[in-house]
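Please open the model in your viewer and keep the selection tool at hand. The stops below are arranged so that each selection leads to the next.

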Amino acid sequence: MTNWKKKLIIIWAGQLFSILSSSIAQFAVVLWISLETGSAEVLSYATIAALLPQALLGPFAGVFVDRWSRKWTMIGADSFVALCSGVIALLFYLDVVELWQIYILLMLRSIGGAFHAPAMKSSIPLLAPESELMRIAAVNQAIQSICSIGGPALGAILLLSFDMSMVMILDVAGAFIACTSLLFVFIPNPKKELLSAKGVMNDMAEGFKVILKNRGISWVMATEVLITFFVLPIVALMPLMTLQNFSGTAYQVSLIEVLFGIGMLIGGILLGIWNPKIRKIYLIVSSYFFLGLTLALCGLLPSNGYILFAILTVMQGIVIPFYSGPFTSLLQTQFKPNYLGRVFALFDSVSLFPSIIGLLITSFMADSLGIANIFLYCGIAIVLTAVLVMCIPSVRSLGKDEF
């Protein structure tokens, strides 16, 4: 734990460039697809392509994250993502890109994410004191927010002023900076005595058993999966909400993304400075409720309600850190470090499968029901989920000894 702040600052500096360049690339790809096709179905397929490998590989990736050096796992994952971005840049530069190629390369980038995300999250408790984990989660959220602000704005500018090849080259550069910063940091690995020598499947099963033993956490994780099921389709359809429901432009699409990022930045700063002495489960559930309410209100807005949509988007951004930060730190404190790789990877994987199903359903329904109705129905479902989860005794008892 010595010099933990210095280590995290070095990691954060590299991740800032990497996440920002990835945010630029991701938004540019989404905007390019939206402008080229204008189809909710095609946009949903692209999102599924970016998620499916991570969902399939997550349980296996978590086992290897707990077995391998977490530092070199992150470096390897970032390098692989950079390679994929370089191939996309080349295809756009040669003007031979086709939609199916974008799908494949998004899937390959997702493989890198399947290893990088659990390695990063499971490294934090090995670097910092437990009392600081929620504050650190807030800083991580603030970094994500800064990138959410800059990514869409820069993505739209670069796409409309230059071309996609320039955007993807920036993503390669960001990954290189992140890998370089990690070389200067020593990240300890947990003791391996609890890791099985019987094989990957055995270690994966151990991860499931550890999660299921904690009933309260199991319910919270299941709730988060359900929330993601309703939220992810909305995230995928957000550009079309602006373009179709409010007759917006490409710059107005990017403005909504920027405002959402500003909201997350405000929320992350508030959570980091405040570090509220409130039980994590209360923060999580109340944030779910408020998020669902604002999403439902978005679905009720008239066609001239773009300004109100923008305001509600900022409010949604503010509330995100107040459930994502406490949720991450809750998992980091409820499980031993040598299980965290599997816990985070298994959760990410399990949460993605229902989300992909949700995306498939909404991709077919959005064009017929209308995107606004998708916002309304998903928002109501999130509110009901938040109310129901607090009816579970084992959930209400979580964290009674936190303060």
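**Before starting**

This is a predicted model, in which local features need pLDDT of at least 70 and side-chain atom pairs count only at pLDDT 80 or more, while totals for chains, interfaces and linings use all residues. Residues are numbered from 1 along each chain as its sequence is written, and side-chain values use heavy atoms, with hydrogens and water left out.

**Stop 1: the largest nonpolar core**

Select Met 221, Phe 309, Leu 331, Phe 335 and Phe 375, the residues with the most contacts inside the largest nonpolar core, which has 58 residues. A nonpolar core is here a set of buried Ala, Val, Leu, Ile, Met, Phe, Trp, Tyr and Cys residues joined through side-chain atoms within 4.5 Å. Buried means under 20% relative accessible area, exposed means over 50%, and partly exposed lies in between (1.4 Å probe, protein chains only). Next, colour the elements that give two or more residues to this core: α7 (200-213), α8 (215-245), α9 (250-274), α10 (280-299), α11 (306-319), α12 (321-334), α13 (337-369) and α14 (371-389). Helices are DSSP runs (H or I, at least four residues), numbered from the N terminus. The largest share of the core, 12 residues, comes from α8.

Centre the view on Leu 331. Residues up to four places away in sequence aside, Leu 331 touches Ile 217, Met 221, Leu 340, Val 343 and Phe 344; contact means heavy atoms within 4.5 Å.

**Stop 2**

Select α11. Its 14 residues should span 20 Å at 1.5 Å a residue, and its end C-alpha atoms are 20 Å apart, which agrees. The expected span is 1.5 Å times one less than the number of residues. The buried residues of α11 include Tyr 306, Phe 309, Leu 312 and Val 319. Which elements cover the buried residues of α11? The cover includes α8, α9, α10, α12 and α14.

Move on to α12, which has 14 residues and reaches 19 Å from its first C-alpha to its last, close to the 20 Å expected. Why is α12 described as largely enclosed by the rest of the structure? The reason is that 12 of its 14 residues are buried. Among those buried residues are Pro 321, Tyr 323, Gly 325, Phe 327 and Leu 331.

**Stop 3: the salt bridge**

Show the side chains of Arg 109 and Asp 171. They form a salt bridge whose closest N and O atoms are 2.4 Å apart; the term requires a side-chain nitrogen of Lys or Arg within 4 Å of a carboxyl oxygen of Asp or Glu. Arg 109 lies in helix α4 and Asp 171 in helix α6 (residues 164-182), so the pair ties together parts that are 62 residues apart in sequence. Both Arg 109 and Asp 171 are buried. The count by this rule comes to 1 salt bridge.

**Stop 4: a nonpolar surface patch**

Display the surface and select Phe 80, Leu 83, Val 87, Trp 100, Ile 104 and Leu 108, a nonpolar patch with about 520 Å² of accessible area together. Helices α3 (70-93) and α4 (99-127) each supply at least two of its residues. Phe 80 belongs to helix α3 and counts as partly exposed, at 31% relative accessibility.

Then select Asp 95, in the loop between α3 and α4. Although not a glycine, Asp 95 has a positive phi of about 60°. Asp 95 counts as exposed, at 66% relative accessibility.

**Stop 5: three further residues**

Is Gln 15 buried or exposed? Gln 15, found in helix α1 (residues 4-37), counts as buried at 5% relative accessibility. Beyond its neighbours within four places in sequence, Gln 15 is in contact with Leu 20, Asp 78, His 116, Met 120 and Ala 178.

Continue to Phe 290 in helix α10. Phe 290 is partly exposed, with a relative accessible area of 32%, and touches Met 315 and Val 319, not counting residues up to four places away in sequence.

Finish at Met 365 in helix α13, which counts as partly exposed at 33% relative accessibility. Leaving aside neighbours within four places in sequence, Met 365 is in contact with Gly 370 and Ile 374.

Note on methods: Patch = residues over 30% accessible without salt bridge, like charges linked within 9 Å, V, L, I, M, F, W, Y side chains within 5 Å. Areas by Shrake-Rupley, 256 points an atom, 1.4 Å probe, with all protein chains shown as cover.
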